[in-house]
Amino acid sequence: MKTPHGTIHTPAFVPVATKGALRGLSFEEANKFGGEVFMINTFHFYVDGKYKLVKKFGGLHEFLNIDYPLMTDSGGFQVFSLGFGLEHGVGKISNMFPGENKPGKHPKDNPALKKKNLVKITEEGAEFKYYKNGKKLFLDAETSIKTQKQLGADIIFAFDECTSPLSDYEYTKHSVARTHRWAIRSLKEFNKTPKTDQALMGIIQGGEFKDLREGAAKYVSSLPFFGFGIGGPLGQSKRDMHKILDWTMPLLPENKPRHLLGIGDVDDIFNGVERGIDTFDCVNPTRLARHGTALTHGGRISLKSGRYVNSREPVDKRCQCRVCRGYSRAYISSLLREWEIYGVMLLVEHNLFYVLNLMEEIRRSIKDGRFLELKRRYLGK
Ligand SMILES: [Zn+2]
């Protein structure tokens, strides 16, 4: 994928620098491991008006002092997950897939988790209360695109409604139709002067309903978008997500990039690539690291637990990163247990290296016709 700030080799993993940083690792380091594009969340620059400051600097590239391709999302996901997350206990608050929640982590069995929805959605857009200061804010297609233009990322996204995994068919049908009207409004705002060198992606919604997903894929792909994002909710479980991709992907043009929004565990990457996904963005590698969890070839391990306090082994024997070549699990575990920032920094470095290196292996395996073999090796099936 060619952008004004460089080429992105696909399939690619897009590390998320939510508020403009990877939280523990520089963009330069991540780029050395193969991070060619980064995702910034528009929401955080919108809610407190910081996008105006970024504009004064000349855009995100100048503000962050980097020269790599950037993506911004529409801000919608944070707004809507703030709403249904509080109400239904899903999304950022617990698991993206409600069927995979641990007992007690869901408002269905724990009413204390059920809170008032702070978001009001109309044809016009979404009105919401910013949880940090209680201020009422409004986001719609035009505002989202204007804000993303001022931020100046290479690839930006249309404004859509991300429904809850617990939304029913009738609500989702109504919502998808509105998202399509917002897609047209996003395109209109995007094509207003001044013309920029940004590219706009449309978003396919439709929840876990086959006819809605297929309808959305056909309609959105008929519009002049640069590429397409598949948005959540993606069903009650990962199995549902595979089904949704099986319905959607064959209907999208092969010559345009296809992005899976907010998904990027190792199994998701293999299953997505197999179905034709080109790019994935996900906070998991960095978020897990902050919580002391390492991605390894043997699965996830929690380095905060007492199991590793005496271990001389590296985080992952098969990993070639600087952390695994030099440091023991015991040292990192000791730092994490003392809340030393450097422990998190080492783990963020390892986890991002792990995923970015996996993408490199996947790209090579596709070229060599060994993708399914690599998938079996990683997932054991
Ligand atoms: Zn490593």
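**Figure 1. Residues lining the largest cavity.** Ile 8, His 9, Ala 12, Phe 13, Gly 34, Glu 36, Val 37, Leu 356, Met 359 and Arg 363 line the largest cavity of this predicted model. The volume of this cavity is about 50 Å³. In the structure as a whole, five cavities of 30 Å³ or more are found. Sorted by class, the residues of the lining comprise six nonpolar, two polar and two charged.

**Figure 2. Secondary-structure elements at the largest cavity.** At least two lining residues come from each of β3 (12–15) and α14 (341–367). Helix α14 makes the greatest contribution to the lining, namely three residues.

**Figure 3. Packing of helix α14 against helix α15.** The axes of α14 and α15 (residues 371–379) approach within 8 Å, crossing at roughly 145 degrees. On the α14 side, the contact is formed by Tyr 354, Leu 358, Glu 361, Ile 362, Ser 365 and Ile 366. On the α15 side, the contributors are Phe 371, Leu 374, Arg 377 and Tyr 378. By class, the residues of this contact are seven nonpolar, one polar and two charged.

**Figure 4. Surroundings of Glu 361.** Glu 361 lies in helix α14 and takes part in the contact of that helix with α15. When neighbours within four places in sequence are set aside, Glu 361 is in contact with Leu 374, Arg 377 and Tyr 378. Glu 361 is classed as buried because its relative accessibility is 15%, below the cut-off of 20%.

Figure 5. The number of disulfides in the model is zero, with a disulfide taken as a pair of cysteine sulfur atoms within 2.5 Å. Cys 162 takes part in no disulfide, and the nearest cysteine sulfur, which belongs to Cys 282, is 14 Å away. Cys 162 has a relative accessibility of 5% and therefore counts as buried. Cys 324 is likewise classed as buried, because its relative accessibility is 8%.

Methods: Residues are numbered from 1 along each chain as its sequence is written. This is a predicted model: local features need pLDDT of at least 70, side-chain atom pairs count only at pLDDT 80 or more; totals for chains, interfaces and linings use all residues. Side-chain values use heavy atoms; hydrogens and water are left out. On a 1 Å grid over the protein atoms alone, a cavity is a set of points where a 1.4 Å probe fits but cannot get out, and a pocket is an open set with protein on both sides within 12 Å along at least five of seven lines; lining residues have an atom within 4 Å of a point. Grid points are joined across faces, edges and corners, and a volume is the space filled by probe spheres set on the points. Helices (H or I, at least four residues) and strands (E, at least two) are DSSP runs, numbered from the N terminus. Ala, Val, Leu, Ile, Met, Phe, Trp, Tyr, Cys and Pro count as nonpolar, Asp, Glu, Lys and Arg as charged, and the others, Gly among them, as polar. Axes are lines fitted to C-alpha atoms, for helices over the stretch in contact, and angles run from 0 to 180 degrees between N-to-C directions. Contact means heavy atoms within 4.5 Å. Buried means under 20% relative accessible area, exposed over 50%, partly exposed in between (1.4 Å probe, protein chains only).
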